[in-house]
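Keep the sequence and the 3D view side by side for these exercises. Try each task before you read its solution.

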Amino acid sequence: MTDTVHSRIQAEITENPVVLYMKGTPVFPQCGFSARVVQILSHVGVPFKGVNVLEDMELREGIKSFTNWPTIPQLYVKGEFVGGCDIVMEMFQSGELQSLMEEKGVAAKTA
Amino acid sequence: MSRRADRIAAALRAAFPPAEVEVADDSHRHAGHAGARPEGETHYSVRVVSPAFAGMSRVARSRAVHDALSAEFAGGMHALALTLKTPEEAR
């Protein structure tokens, strides 16, 4: 069971450059912490795939054990775990998030 | 301060000495929302300043804190906002 979810997650973060595991959808976040990360990613202008863990109990638990991280949201860039809401916010405020996106080649589309 | 908040503070002081620890119970701000429980004690904000975090990445610091508080997560804690600094960074 767990192996299947984990391989699904692995495929998802490999195929998509930026993936946010969240509660709700980017348009309708259902948790303040998820909403904040959506807001930051939108502000930075990075396209991302939002995955709603509330639609899938197996994924909701599976993402926690996959990352070894007990809370949601969880942000992945180029297959690497970046952090949850606090870390993303700190990195955004210090400019590190923007540098990371550039380094990983997923920089903002210029408006 | 709630009992869980006391346990969180004690666990963190023991795990990262010498640590400056502040724990806020935000559960009332999430009342009625998913993950909240009528008895509260679900949502916390924690600030820890400890030299033990030196040389650790942000993710590693958070994981160390999650590990120290695994009993609380297992016991119904739903959300934990973390600010984790070394004394130098906190200055």
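This is a predicted model: local features need pLDDT of at least 70, side-chain atom pairs count only at pLDDT 80 or more; totals for chains, interfaces and linings use all residues.

Residues are numbered from 1 along each chain as its sequence is written, and chains are lettered from A and ligands numbered from 1 in the order in which they are written.

**Exercise 1. Describe the build of chain B.**

Step 1: List the elements. Chain B has four helices and three strands. Helices (H or I, at least four residues) and strands (E, at least two) are DSSP runs, numbered from the N terminus.

Step 2: Read them in order. The pattern along the sequence is α-β-β-α-α-β-α.

Step 3: The C-alpha trace of chain B covers about 40 × 25 × 25 Å along its principal axes.

**Exercise 2. Describe where chain B touches chain A.**

Step 1: Count residues. Chain B gives eleven residues to the contact and chain A gives nine. Two residues are in contact if their C-beta atoms, placed from the backbone, lie within 7 Å.

Step 2: Find the elements. On the chain B side, α2 (58-68) and β3 (79-85) each supply at least two residues.

Step 3: Sort by type. The chain B side holds six nonpolar, three polar and two charged residues. Ala, Val, Leu, Ile, Met, Phe, Trp, Tyr, Cys and Pro count as nonpolar, Asp, Glu, Lys and Arg as charged, and the others, Gly among them, as polar.

**Exercise 3. Trace the sheet in chain A.**

Step 1: Write the order. The open sheet of four strands runs β2-β1-β3-β4 in chain A, with mixed pairing. Strands pair if DSSP finds at least two bridges between them.

Step 2: Find the edges. β2 (49-52) and β4 (80-83) of chain A each have a single partner strand, so one side of each has no neighbour in the sheet.

Step 3: Check one pair. β1 (residues 18-22) of chain A and β2(A) are parallel, over four bridges. A:Leu20 has A:Gly50 of β2(A) as its bridge partner.

**Exercise 4. Is A:Phe28 buried or exposed?**

Step 1: Locate A:Phe28. It lies in the loop between β1 and α2 (32-44) of chain A.

Step 2: Apply the cut-offs. A residue is buried if 20 or more other C-beta atoms, placed from the backbone, lie within 10 Å of its own, exposed if 12 or fewer, and partly exposed in between. A:Phe28 has 9 within 10 Å, so A:Phe28 is exposed.
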